[in-house]
Amino acid sequence: MIAVANALFRGQDGLVLLVIDEALVSADVRYESMEAGNDAFPHIYGPLNLDAVAAVLDFPPKNDGTLWLPSSLESRGNRPSER
């Protein structure tokens, strides 16, 4: 997930990171790869219901512009809803 964030949003200020409890998402969630990639990422097909958002975290870039996951999320990998 962080590679995608850096590819699309590197150096941007004002970002937030939503921690979503996938089990509470009302819309269809599909894990899909991006453009011939091997890693599958969750895509939500429909509106995100607010009760599925477990936390909203500031997501500032480092001084060099790269984005990073807060340490509390790093161990969760690409599928934060899995425990």
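User: If buried means under 20% relative accessible area, exposed over 50% and partly exposed in between (1.4 Å probe, protein chains only), which class does R30 belong to?
Analyst: The model is predicted, so local features need pLDDT of at least 70, side-chain atom pairs count only at pLDDT 80 or more, and totals for chains, interfaces and linings use all residues. Residues are numbered from 1 along each chain as its sequence is written, and side-chain values use heavy atoms, with hydrogens and water left out. With a relative accessible area of 37%, R30 belongs to the class called partly exposed.

User: Over the ring of which residue does the charged end of R30 sit?
Analyst: A charge sits over a ring if NZ of Lys or CZ of Arg is within 6 Å of the ring centre and within 35 degrees of the ring normal. Here the charged end of R30 lies 4.0 Å from the centre of the ring, and the residue that carries this ring is Y45.

User: What distance separates the C-alpha atoms of N6 and L67?
Analyst: N6 has its place in helix α1, residues 2-9, whereas L67 lies in the loop between β4 (53-58) and α2 (71-74). Not counting residues up to four places away in sequence, N6 touches G65, T66 and L67, where contact means heavy atoms within 4.5 Å. Although N6 and L67 are 61 residues apart along the chain, their C-alpha atoms are separated by 5.8 Å.

User: Is L67 buried or exposed?
Analyst: Beyond four places in sequence, L67 touches several residues, among them I2, A5, N6, F9, L15, F59 and P61. N6 has a relative accessible area of 18% and is buried. For L67 the relative accessibility is 4%, so L67 counts as buried.

User: Over which residues does pLDDT stay under 50?
Analyst: The predictor's confidence in each residue, pLDDT, runs from 0 to 100, and the protein chain averages 87, with 88% of the residues scoring at least 70. Where pLDDT is low, the predicted coordinates should not be read in detail. The model has 9 contacts beyond four places in sequence for the stretch where pLDDT stays under 50, namely residues 78-83.

Key:
Helix = DSSP H or I, 4+ residues; strand = E, 2+ residues; numbered from the N terminus.
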